[in-house]
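Morning, everyone. Please have a look at the model on the screen, and then I'll walk through a few spots.

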Amino acid sequence: MPRRPHPPLLDHLLQAVPRRYRLPVAPEAPPPKTPAAALAVAIDHARLASERAQEPEDAMRQLFIDALAQLIREAMRADGGDPAYQATVLARQAPQVHEYIALQTHAEGDRRAVRAGANAVAHPARRQHGEPGPQRDALAQLHAQATAGAWSPLADTAQRLLATAQPDQGSPLQRELARLLEGAALARLQRAAVLEGDPQVQAYLALRNRQGPRPGSAEAMAYGSTAQRRGAAMEARATQALEALARRLDAAEGSAGIYRVVTSMRAPSTLPGSAERAKSEWDAVLLRQAPPRQDTPSAWDLCLLLEAKASVDAATADFSRLQRGLRLLASADEDAVYSFATHQGEVLLHGTPLRAPATLGDSGLAGMVLYCTDAPAPAVPHLLSAASRMHLMGAPPSLAFATDLAHGRQADAQNLAPLWQLLLQSPQWAPVLHQYPTLRRVRELMVHVDDLSDAVMH
């Protein structure tokens, strides 16, 4: 098994960092104070019973059903409910909403295609060479309608232009207008514009707007810019803490430059493992200068991988990618040297230390991988992950239960019982069944940036 290239001081410093996000061994919360906590208790009971090849207690089965029903009821409340979930339920029961959502998957590309087609005939640079008159005015109108996203008026204008164009005046114009009118992109945009007037679609859009700004809007772009700046600031703070750690280790060994920190380290394509859905770029990495080796270029050993996250939940959502990223690194040939691109330029890394993180147990992994954040630890631990909640509430029995609630019908919680059996028997539900141990693993890797800095300085 590959060994960690760690000096005792590094192990000591990492063990000294408080783990304020750590969760208890079991999600014991008797009596559970929230439906989510109750679900976590029931699910983990099912997991433990499954591992012992035993049947879970009937009381836990009923706790699961009642808690899931309550979670759905709370999400469907008109006042203070979950607009994202309500939008999902509405889409399930209204075909026109489902059609509208399907059209939105093409919308951005369709808008670009139609605007490109309009520019091909009506861009101001093209119009300036034309003769003043109705055709030039109509082309100006076509361009304005494309810019404004007025798709049905644009189609009418294009149709008039095509009908009035003289063959000897512009066969290229006719071809471009015909291509624009016959293309699927304009038809889809027109259909979406019609559907936006449907009451059910308007209700869906109102729910979507309650979730935050719509994609592509000025508000969404502003929010994205703010989030990007916050993420960059978090990465900068985490990198500074890691650089202080490198200086502390250098001082302990009495020589500068033995340790270094690189950022945005990208896995090379020469690694033989699969990069599919794997983390291939690491925010900040602590390296140690490797001893010289015969017939091998000067290279570095991997010591510590750090990922900066804006929230606790963001780390949980990232964990599966991180695990695949570690497996990608572990595919390195022990005797090879690999070139990694970083913000500081190319660095050469020995293969053997790259294999270490994926081979270590949970306690050892916490000494080679860190999630770093400045987010506060939740006052009440989140025992049910967002992904598990989504999986449970998005299952067909849950959506059917929610649809009954939406229509004011009597909703029978026992119709959720099949999910308990799926949890126990279906491989597709294994991530939910094992969701609490996964949460614990993630929290073990999490440190607050201030705690990391303090541990380095003292």
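With which side chain does the side chain of Ser264 make a polar contact? With that of Glu281, at 2.3 Å. Keep in mind that this is a predicted model.

Let me stay with Ser264 for a moment. Ser264 sits in strand 1, residues 259-266. Is Ser264 buried or exposed? The relative accessible area is 7%, so Ser264 is buried, the cut-off being under 20%. Leaving aside residues up to four places away in sequence, Ser264 touches Glu281, Trp282 and Asp283, and also Ala341, Thr342 and His343.

Next, a loop residue. Ala299 lies in the loop between strand 2, residues 281-289, and strand 3, residues 300-308. Its relative accessibility is 2%, so Ala299 also counts as buried. What does Ala299 touch, beyond residues up to four places away in sequence? Gln289 and Ala290, then Val337, then Leu348, Leu349 and His350. One distance here: Ala299 and Leu287 are 12 residues apart in sequence, and their C-alpha atoms are 9.7 Å apart in space.

Now to the helices. Start with helix 21, residues 435-444, and helix 2, residues 35-51. Their axes are 8 Å apart, and the packing angle is about 105°. That falls in the 65 to 115 degree range, so helix 2 and helix 21 are roughly perpendicular. Who makes the contact? Helix 2 brings Ala40, Ile43, Asp44 and Arg47, while helix 21 brings Gln435, Tyr436 and Pro437. By class, that contact has four nonpolar residues, one polar and two charged.

Which residues of helix 21 are buried? Gln435, Tyr436, Leu439, Val442 and Arg443. Look down the axis of helix 21: these buried residues fall within an arc of 120°, so they line one face of the helix. And what do they pack against? Helix 2 is one partner. The others are helix 13 (312-330), strand 6 (369-373), helix 17 (386-393), helix 20 (430-433) and strand 7 (446-448).

Zoom in on Gln435, which belongs to helix 21. At 3% relative accessibility, Gln435 counts as buried. A polar atom of the Gln435 side chain lies 2.9 Å from the backbone nitrogen of Ser385. Setting aside residues up to four places away in sequence, Gln435 touches Ala40 and Ile43, plus Leu383, Leu384, Ser385 and Ser388.

On to helix 22, residues 449-457. Its buried residues are Val449, Asp451, Leu452, Ala455 and Val456. Down the axis of helix 22, they fall within an arc of 165°, so they too line one face of the helix.

Last stop: helix 4, residues 83-93, and helix 18, residues 396-406. How do their axes cross? At roughly 90°, coming within 10 Å. Helix 4 and helix 18 are therefore roughly perpendicular to each other. On the helix 4 side we have Tyr85, Thr88, Val89, Arg92 and Gln93. Facing them in helix 18 are Pro396, Ser398, Leu399, Ala400, Ala402, Thr403 and Ala406. The residues of this contact split into seven nonpolar, four polar and one charged.

That's my tour. Thanks, everyone.

Conventions. Residues are numbered from 1 along each chain as its sequence is written. This is a predicted model: local features need pLDDT of at least 70, side-chain atom pairs count only at pLDDT 80 or more; totals for chains, interfaces and linings use all residues. Side-chain values use heavy atoms; hydrogens and water are left out. Axes are lines fitted to C-alpha atoms, for helices over the stretch in contact, and angles run from 0 to 180 degrees between N-to-C directions. Helices (H or I, at least four residues) and strands (E, at least two) are DSSP runs, numbered from the N terminus. Angles under 35 degrees count as roughly parallel, over 145 as roughly antiparallel, 65 to 115 as roughly perpendicular and the rest as oblique. Contact means heavy atoms within 4.5 Å. Ala, Val, Leu, Ile, Met, Phe, Trp, Tyr, Cys and Pro count as nonpolar, Asp, Glu, Lys and Arg as charged, and the others, Gly among them, as polar. Buried means under 20% relative accessible area, exposed over 50%, partly exposed in between (1.4 Å probe, protein chains only). A polar contact is a pair of N or O atoms within 3.5 Å; within protein, one must be able to donate a hydrogen and the other to accept it, and residues adjacent in sequence count only if both atoms are side-chain atoms. The arc is that of the directions from the helix axis to the C-beta atoms.
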